[in-house]
Amino acid sequence: MIGASVSCAWCLVRSARKQVGKVAVGIKRFEDIEGWQMTRELTRMVCRATKNDGFKRDFELRDQIWAAAGSSMHSIAEGSNDGSHAEFVKFLSYAQRSCSKVQSRLCIALDETYITQQEFSTIYEQTAATKRKIGAFIKYIKRQKECLMWDSWCFVEQLTYRTDH
């Protein structure tokens, strides 16, 4: 079994390469993290939706939902540079919380008819999927022991984190 006694993601890749020669996928920058990519798309969706007339008049709600969406991106970026699994998990949790803020503010926007039901459903589902992806990544990281080579984040393709539960 690949990685059964392996203590960190980097060691997992080294071990897998030695055992079966699998192709490794590296995360060298925060932009490579799938959860960050999803928060970026969420932020785009929020920005597009808030350009309509209703949001133009409600500066406070518009600014709050923009800030929450942006915060989800920024938390992942900031946490990825900290240097420990525990701190990264903390920042990933902040990103999830920011996604919850987006969902809450979307409810207000729907109630105030600033967005349509279709816009609400699309953005809300993107937010939920993003939270699931980040949560799966948190679970994956928590299963790893402290890695001595933080700058060399690598994962084996066949062992990527799951989002289907």
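Colleague: How many helices and strands make up the secondary structure of this chain?

Modeller: Keep in mind that this is a predicted model: local features need pLDDT of at least 70, side-chain atom pairs count only at pLDDT 80 or more, and totals for chains, interfaces and linings use all residues. Residues are numbered from 1 along each chain as its sequence is written, and side-chain values use heavy atoms, leaving out hydrogens and water. Helices are DSSP runs of H or I with at least four residues, strands are DSSP runs of E with at least two, and numbering goes from the N terminus. Counted like that, the secondary structure comes to six helices and two strands.

Colleague: What share of the 165 residues counts as buried?

Modeller: Buried means under 20% relative accessible area, exposed means over 50%, and partly exposed is in between, using a 1.4 Å probe and protein chains only. Of the chain's 165 residues, the buried share is 44%.

Colleague: For contacts with a separation of 6 or more, what percentage is between residues 24 or more positions apart?

Modeller: A contact here means heavy atoms within 4.5 Å. With that cut-off, residues 24 or more positions apart account for 72%.

Colleague: Are α2 and α6 roughly parallel or antiparallel to each other?

Modeller: Axes are lines fitted to C-alpha atoms, for helices over the stretch in contact, and angles run from 0 to 180 degrees between N-to-C directions. Under 35 degrees counts as roughly parallel, over 145 as roughly antiparallel, 65 to 115 as roughly perpendicular, and the rest as oblique. These two pack at about 160°, with axes 9 Å apart. So α2 and α6 are roughly antiparallel.

Colleague: Which way does α2 cross α4, left-handed or right-handed?

Modeller: The axes of α2 and α4 come within 9 Å and cross at roughly 165°, which makes α2 roughly antiparallel to α4. A crossing is left-handed if the near helix is turned anticlockwise from the far one by less than a right angle, and right-handed if clockwise. The crossing of α2 and α4 is left-handed.

Colleague: How far apart are the axes of α4 and α5?

Modeller: The crossing of α4 and α5 is left-handed. The angle between them is about 165°, and their axes are separated by 8 Å.

Colleague: Is threonine 50 buried or exposed?

Modeller: Threonine 50 sits in the loop between α2 and α3 (53-57). Not counting residues up to four places away in sequence, it touches Phe55, Arg62, Ile65 and Trp66. With a relative accessibility of 3%, threonine 50 is buried.

Colleague: What about threonine 113, buried or exposed?

Modeller: Threonine 113 lies in the loop between α5 and α6. Its phi is near 55°, a positive value in a residue other than glycine. Since its relative accessible area is 65%, threonine 113 is exposed.

Colleague: How far apart are the C-alpha atoms of tyrosine 114 and alanine 49?

Modeller: Tyrosine 114 is also in a loop, the one between α5 and α6, and is buried at 15% relative accessible area. Beyond neighbours within four places in sequence, its contacts include Asn52, Gly54 and Phe55. Tyrosine 114 and alanine 49 are 65 residues apart along the chain, yet the separation of their C-alpha atoms is 8.6 Å.
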